[in-house]
Amino acid sequence: MIVTFLDIVIAGLLLGGLYALISMGLSLQYGVARVLNISHGEFIMLGGLTTWMLYTVFDINPLLCLAICGPIAFILGYGIHRTIFKRLLATSPSPGIFESNSMLASFGLLFIIQNLAQLSWGPEIRGYSYLRVPVDLGGALFGANRLITLGFALLIGIAFYIFLTKTRMGKAIRAAAQDPSTAGLLGVNINRVLALCFGLGAAMAACAGMLVSMTYPVHTIMGMEYTVIAIIVVVLGGLGSIPGSFIGGFILGLIGSIVTFFEPGLALAAYYIIFILLLLLKPTGLMGK
Amino acid sequence: MNKLTLKSKNFLELLLRVIVLLVVIIGMAYVLPNYASVYELLLLSAIFMYIVLTSSWVMFSGPTGYISLAPAAFFGVGIYVAASQGMNMPLLVVVLVGGLASAGLALLVGALTLRLKGIYFAIFTFGLVEMIKHLLLWYEIKFTGTRGRFVVLVDHTTVYQIMLAILVLTLLTAYLIRRSRFGMALQSIGEQEEAAQHIGINVTLLKVSVFAISAFFMGAAGTIMATRWTYVDPYIAFDLNRSFTPVLMAIFGGMGQPWGPVLGAAIFAYLEELFITEFPYYYMLIFGIILTISVLYLPNGLAGLIQKWRTRATGGKDAHS
């Protein structure tokens, strides 16, 4: 009984760590840059497939890929914001219209990235084996790769929190999230901060993709699945609240683990039911403003 | 007196137009199938389907600005009505039931989501499609023991004729709503919902009913198209791409003119037919590029662009014709 309970809770936390990491990136992009980035999952896919390629073809350690995928995704995200979303922000007459338009533009990005990936990697499902050694946690067995995933998710989450609260740049980001025009008047370079946030979101997605590829198989159309989970977590935590999505990720992971234990076929349906109920009953989420 | 002749002249012109239109529609329904090949009929049915989806999407989302990502849900409900009831009822009744089932779902969704504004409405409808898909998949595997279902077969000409009928009804309804005071009221909801409420528009009733009307046509289109596929499962029926394509086609075609969505849908449906089997990835890639460019540089779509050129060519004299 105790072992089953522990099994469910630890599996939930392991899943939750991944969800938290995926969602924090989206939360940053929506909370500060006001872009509900539907192509978020595509950056996860890019991170996962790049890691797979670097590991199987060039024999580079997956953990080292963090140092490669992260910066590349950051530059990509930064560039995308500078070219597409900056223009949209300037041409949209109201914040509401900008949110709709930027969401539609991110749909376009989704198709572009996904099909460029299809053209270069093909539709096959890929996977590799790295650190798949079982670790005994109080009677329940878990793979070392999954524990590393949780460790990295916590590490990145905490590092990011410190960056937001303790550094000058973090302060600028929080100011821009609260009130972009006043922040601009006080000397914050708004366009740079927004692009930075978008780039950081993309980098976090790519890192999450690398961690996903250590445990789950990766393929070019996996992105949407993770985007949807990220959106659910972000709504659960409150649209725009970064600590909210960190906690929301773990909550959703636990729910997923519990539902999977009783009725495996219903896990995904349960996420959507929670999502729909949340939107209807408390659209501001757990920690929303 | 002068006014009266002007009126009767206008009336005659209108009558003439209606007669020409009727002749064209009847010709397309009964004469064309005798000359067209099976492939051409299938292609036309697919193009009609996209025009129906896009025009009915624009009916609600165009003027109000609420981005609905639910077309796949309404279309899928139609498909499942065909799959579960296709053997029990005559075809036309099945199509009608498919449309009504979708309209019923739309009424429910509309009534539930009244509080949701802007981006929340979009992600709600997005979640709705996925929720129905996964609940249905779970139900099918758990209770019926199979993943998919077979759909009753219907010959190509009948599919084509019913699709044409749905298309005509959709365009007529879209035109009538746009021309009536309901169209104006929808427009004012899109501009400033609170103000619309204050000048006495029953915002709730109007939004929900137009949403349901647009869902009716999507559901009917799904029901008749299902008979072309013979086998469906929840992943085929509730394919999210069917929510995205109408949005792109509408944005690309332009929502300011009634023929904008028709143009956008026809162009993309034809391109899809040309490329999807041989170069699916290039097709979807181009799809994404055009969507991004349209959002960035073509706020009024092709229709807006064409009007701008016409205005320039006539020196602005003939701007509204």
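Guide: First, a bit of bookkeeping: helices are DSSP runs of H or I at least four residues long, strands are runs of E at least two long, and both are numbered from the N terminus. This is a predicted model, so to speak of local features we need pLDDT of at least 70, and side-chain atom pairs count only at pLDDT 80 or more, while totals for chains, interfaces and linings use all residues. Residues are numbered from 1 along each chain as its sequence is written, and chains are lettered from A and ligands numbered from 1 in the order in which they are written.

Let's start at A:Val188, in the loop between helix 7 (180-185) and helix 8 (190-215) of chain A. Burial here is a count of other C-beta atoms, placed from the backbone, within 10 Å of a residue's own: 20 or more is buried, 12 or fewer is exposed, and in between is partly exposed. A:Val188 has 18, so it's partly exposed. A contact means two C-beta atoms, placed from the backbone, within 7 Å. Leaving out residues up to four places away in sequence, A:Val188 touches A:Ala172, A:Ala175, A:Ala176, A:Ala183 and A:Val193. A:Ala172 is 16 residues away in sequence, yet the two C-alpha atoms are 6.3 Å apart.

The expected span of a helix is 1.5 Å times one less than its number of residues. Helix 8 of chain A reaches 38 Å from first C-alpha to last, close to the 38 Å expected.

One partner of helix 8 is helix 3 (62-91) of chain A: the buried residues of helix 3 pack against helix 2 (40-58), helix 4 and helix 8 of chain A, together with helix 13 (280-297) of chain B. Among those buried residues are A:Cys65, A:Cys69, A:Tyr78 and A:His81. Helix 2 of chain A is mostly covered, with 14 of its 19 residues buried, and is followed by A:Asp59, whose phi is positive, near 60°.

Now for the chain boundary. There, 34 residues of chain A are in contact with 31 residues of chain B. Helix 3, helix 4 (95-121), helix 9 (223-237) and helix 11 (267-281) of chain A each supply at least two residues to chain A's side, and the largest share, 17 residues, comes from helix 4 of chain A. That side has 25 nonpolar, 7 polar and 2 charged residues, counting Ala, Val, Leu, Ile, Met, Phe, Trp, Tyr, Cys and Pro as nonpolar, Asp, Glu, Lys and Arg as charged, and the others, Gly among them, as polar.

Helix 11 of chain A packs on helix 5 (residues 119-144) of chain B at about 145°, axes 8 Å apart; axes are lines fitted to C-alpha atoms, for helices over the stretch in contact, and angles run from 0 to 180 degrees between N-to-C directions. Among the residues making this contact are A:Tyr272 and A:Phe275 from helix 11 of chain A and B:His134 and B:Trp138 from helix 5 of chain B. By class, the contact has 13 nonpolar, 2 polar and 1 charged residues.
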